[in-house]
Amino acid sequence: MDGVRDSHSASNAEPDDSDLSKLLDKPRLNIERQRSFDERSLSELSISNIRGPDGYDSIYSPGAAARSGFDTPASSSRYSFEPHPMVGDAWEALRRSIVYFRGQPVGTIAAYDHSSEEVLNYDQVFVRDFVPSAFAFLMNGEPEIVKNFLLKTLHLQGWEKKVDRFKLGEGAMPASFKVLHDPVRKTDMLFADFGESAIGRVAPVDSGFWWIILLRAYTKSTGDLSLAETPECQKGIRLVLTLCLSEGFDTFPTLLCADGCSMIDRRMGIYGYPMEIQALFFMALRSALALLKHDAEGKEFVERIAKRLHALSYHVRSYFWLDFQQLNDIYRYKTEEYSHTAVNKFNVIPDSIPDWVFDFMPTRGGYFIGNVSPARMDFRWFALGNCIAILSSLATPEQSMAIMDLIESRWEELVGEMPIKICYPAIESHEWRIVTGCDPKNTRWSYHNGGSWPVLLWMLTAACIKTGRPQIARRAIELIESRLQKDGWPEYYDGKLGRYIGKQARKFQTWSIAGYLVAKMMLEDPSHLGMVSLEEDKAMKPLIKRSASWTC
Ligand code: GLC
C-alpha cells in the first residue's frame with residue numbers, strides 16, 4: 001500500500017526498555033501483564049467471562065477475526081450471557097459506516113445521517129472519530145481496518161500541506177479524509193483536510209497524537225510489531241514528535257496551542273495550554289517511547305521524550321491540579337511576587353476565580369483544570385483531559401482516585417441524564433459573547449459548551465475500570481442504554497442534565513455508536529484495558545506534594 005511494505009523488519013530495540021519489552025511479549029503474556037491493574041475490579045468484572053484453565057486463556061482470542069456472520073459481533077459468541085439488544089444494532093450501524101478505498105476498509109465516516117440537510121464534512125473519516133471505531137474492531141479481533149487506516153493516514157502525512165500560501169509542518173496529520181470515486185479513471189482518490197478547509201481553519205493538533213496512541217493500541221492488541229517497526233511508521237512517529245518537541249521561547253513544558261485544536265474544534269477559550277491536548281500529548285509521548293526503535297534516528301527522540309515526560313508530568317500534576325485544599329490556597333494567594341521564591345508562580349489574581357468553583361468543589365475529590373498560563377487559570381472541568389490523564393497515568397494514582405471521587409459526588413452536574421459533559425460548566429451571556437465570538441452552535445449547555453457527548457463513555461468506562469470503580473461505568477452505561485438507540489445514536493445532547501437531543505446533533509454519529517461498543521466490551525472483558533491505558537511509570541516519580549512544591 002502506497003509504498004509501505006508490511007514485511008517484518010529486524011528490531012534493534014533495547015531490551016531494557018520496560019514498555020517496549022511489554023510490546024515485544026507474546027500476546028498471551030501481554031494479558032498476564034494487564035493483570036496488574038486493580039485486581040478487585042478484575043475479579044468483580046470478570047465473573048461473566050468464560051475462563052480457560054489458567055484464567056486468561058480465553059480472554060485473548062484474536063482468532064475471533066475469523067468470524068461467521070457479517071453483522072454478528074465476534075465477542076457475543078465468547079460470552080456466556082445474552083448481549084444487550086442494542087449491541088447488535090450498534091455493530092450493524094458501525095459496519096454501515098465503513099469507508100472503502102480501492103476495495104479495502106480504511107476507516108469509518110463521522111455520521112451516517114441522511115436525514116440531515118447539510119452533510120458538511122460528516123461524510124469524512126475523522127482521525128479522532130475513528131479511534132473508538134478502531135478500538136471496537138481491535139477488541140473484536142478485526143485489526144485489518146485499523147492497519148489500513150494507520151497506513152493511509154501515514155501516507156497523507158507525507159503530502160505537502162498548505163493553507164493559502166503557508167506551508168504546514170511536515171509531521172501534521174489530517175483532521176479528516178474522504179474517499180472520492182473517479183468514474184472516468186474508474187478508481188478511488190483521496191482528499192484530506194489538514195485544517196485548510198475546516199470551519200475556522202482550526203489546526204488538528206490531536207490527530208498526530210491519536211495516530212501514535214492508536215499505533216500502540218494496534219501493536220499491543222495484535223502482538224504484531226512489524227507495522228510499527230517499518231521505517232515509514234518510525235518516520236511518521238518522528239515527524240509528529242519533531243512538531244511538538246521543538247525548542248522555542250517556552251517557559252513551560254506544556255504544549256502551546258491555538259483555540260479549537262482538538263475534539264472541541266471551534267473557538268471555546270481553550271487556546272494556550274488546554275488540558276485536553278496536554279493529556280493526549282503525554283499519552284502520545286509515552287506510546288512513542290514504547291514504539292520507537294533505539295536506532296541512530298530513534299535514540300535522540302527517546303532521550304528528548306524522556307526529558308519532556310519528566311517535566312510535563314511534574315508541571316501538570318503540580319499546577320493543573322485542583323482540589324479543596326488547593327482552591328483554598330489559591331483563594332488566599334498574594335499577587336505580584338517576584339523571583340523563584342514566589343508562591344503564586346503564575347500571578348493568578350484570586351478575584352478571577354469564578355463563583356461556581358467554590359460550590360462545585362467537593363471536600364473529597366479533585367480534577368485537572370482546563371488551562372494554566374500567566375494570570376489565567378481556566379477552572380472548567382474537561383472530560384477528555386481528565387479521563388486521558390487517568391488512562392495515560394499522567395494522573396498519579398491518588399489524583400486518579402480523586403477525579404473519580406469528584407465524578408461520583410458531582411454526578412448530577414457532570415453526567416445528569418446522559419454521560420458525559422464535554423466540559424463543565426457552560427459559559428453564558430457576556431462571557432459567551434467574548435469567549436466564543438457569539439457562536440450560535442455553542443450556546444450554554446449545548447455542543448462544546450457544556451453539551452453531553454455519548455462518545456466520552458468509552459473513556460469514562462476505561463477510567464472507571466482502571467481505578468477499580470466499575471460500578472460508576474455501569475451506571476453511565478445504563479443511562480446510555482435507556483436512550484441512545486431510541487434517539488438514533490445522536491452526536492450530543494443539550495441541557496443542564498443532558499436531557500435533550502442536541503439542537504444540531506447528527507444522528508447515527510459513528511463515535512457515539514463505537515464508544516458504546518467499546519465501553520461494553522471493556523466491562524465484559526477488562527483485559528482490553530491494556531490497549532487503551534498505560535501503567536504508571538515508576539521512573540516518573542516522585543511527585544513533590546503540592547504544598548511542598550509551592551513553598552520550595
Ligand atoms: C465536530 C466535532 C469534532 C468531530 C467532528 C466529526 O466538528 O466537534 O470533534 O471530530 O464533528 O464528528
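Reader: Which residues are around the ligand?

Author: Happy to start there. Ala-110, Tyr-122, Phe-126, Arg-128, Asp-129, Met-263, Asp-265, Tyr-447, His-448, Glu-491, Gln-509 and Trp-511 are around the ligand; a residue is near a molecule or strand if one of its heavy atoms lies within 4 Å of it. Before we go on, this is a predicted model, in which local features need pLDDT of at least 70 and side-chain atom pairs count only at pLDDT 80 or more, while totals for chains, interfaces and linings use all residues. Residues are numbered from 1 along each chain as its sequence is written, and side-chain values use heavy atoms, with hydrogens and water left out.

Reader: Where is an oxygen atom of the ligand 2.7 Å from an N or O atom of a side chain?

Author: A polar contact is a pair of N or O atoms within 3.5 Å; within protein, one must be able to donate a hydrogen and the other to accept it, and residues adjacent in sequence count only if both atoms are side-chain atoms. Here the 2.7 Å distance is to the side chain of Asp-265. An oxygen atom of the ligand is also 2.9 Å from a side-chain N or O atom of Gln-509, and for Tyr-447 the distance is 3.4 Å. Taken alone the ligand exposes 310 Å², of which the protein buries 96%; such areas come from the Shrake-Rupley method with a 1.4 Å probe, and for residues only the protein chains shown count as cover.

Reader: Which charged end sits over the ring of Tyr-447?

Author: The charged end of Lys-441, 4.2 Å from the ring centre. A charge sits over a ring if NZ of Lys or CZ of Arg is within 6 Å of the ring centre and within 35 degrees of the ring normal. Arg-376 does this with Tyr-271, its charged end lying 4.2 Å from the centre of that ring.

Reader: How many aromatic pairs does a search of the whole structure find?

Author: A pair of aromatic rings is described by the distance of the centres and the angle of the planes. Rings of Phe, Tyr and Trp (its six-membered ring) pair if their centres lie within 6.5 Å; planes under 30 degrees apart count as stacked, over 60 as edge-to-face and the rest as tilted. The whole structure has 22 such pairs. One of them is Phe-135 with Trp-458, edge-to-face at 5.1 Å centre to centre and 75 degrees between the planes. This pair links distant parts of the chain, 323 residues apart: Phe-135 is in helix α6 (residues 127-139) and Trp-458 in helix α18 (residues 457-466). Helices (H or I, at least four residues) and strands (E, at least two) are DSSP runs, numbered from the N terminus.

Reader: Are Phe-135 and Trp-458 buried or exposed?

Author: Buried means under 20% relative accessible area, exposed over 50%, and partly exposed in between (1.4 Å probe, protein chains only). Phe-135 is buried at 1%, and Trp-458 is buried at 2%. Now try Trp-356 and Tyr-424, an edge-to-face pair with centres 5.9 Å apart and 90 degrees between the planes. Trp-356 lies in helix α13 (residues 355-360) and Tyr-424 in strand β11 (residues 423-424), so the pair ties together parts 68 residues apart in sequence. Trp-356 is partly exposed at 22%, whereas Tyr-424 is buried at 13%.

Reader: What is the order of the open sheet of three strands?

Author: Strands of a sheet pair through backbone hydrogen bonds, either parallel or antiparallel. Two strands pair if DSSP finds at least two bridges between them. In this open sheet the order is β3-β6-β7, with antiparallel pairing. The edge strands, each pairing on one side only, are β3 (125-126) and β7 (187-193). Two bridges join β3 to β6 (residues 176-182), and Phe-126 stands opposite Ser-176 in β6.

Reader: Which strands pair with β9?

Author: Strand β8 (residues 321-323) is joined to β9 by three antiparallel bridges, and β10 (residues 376-382) pairs with β9 antiparallel over four bridges. Leu-322 stands opposite Tyr-367 in β9, while Ser-373 has Arg-376 in β10 as its bridge partner. β9 and β10 form a hairpin with two residues between them, and Ala-375 in the turn has a positive phi of about 55 degrees. Eight of the eight residues of β9 (residues 366-373) are buried, so this strand is largely enclosed by the rest of the structure.
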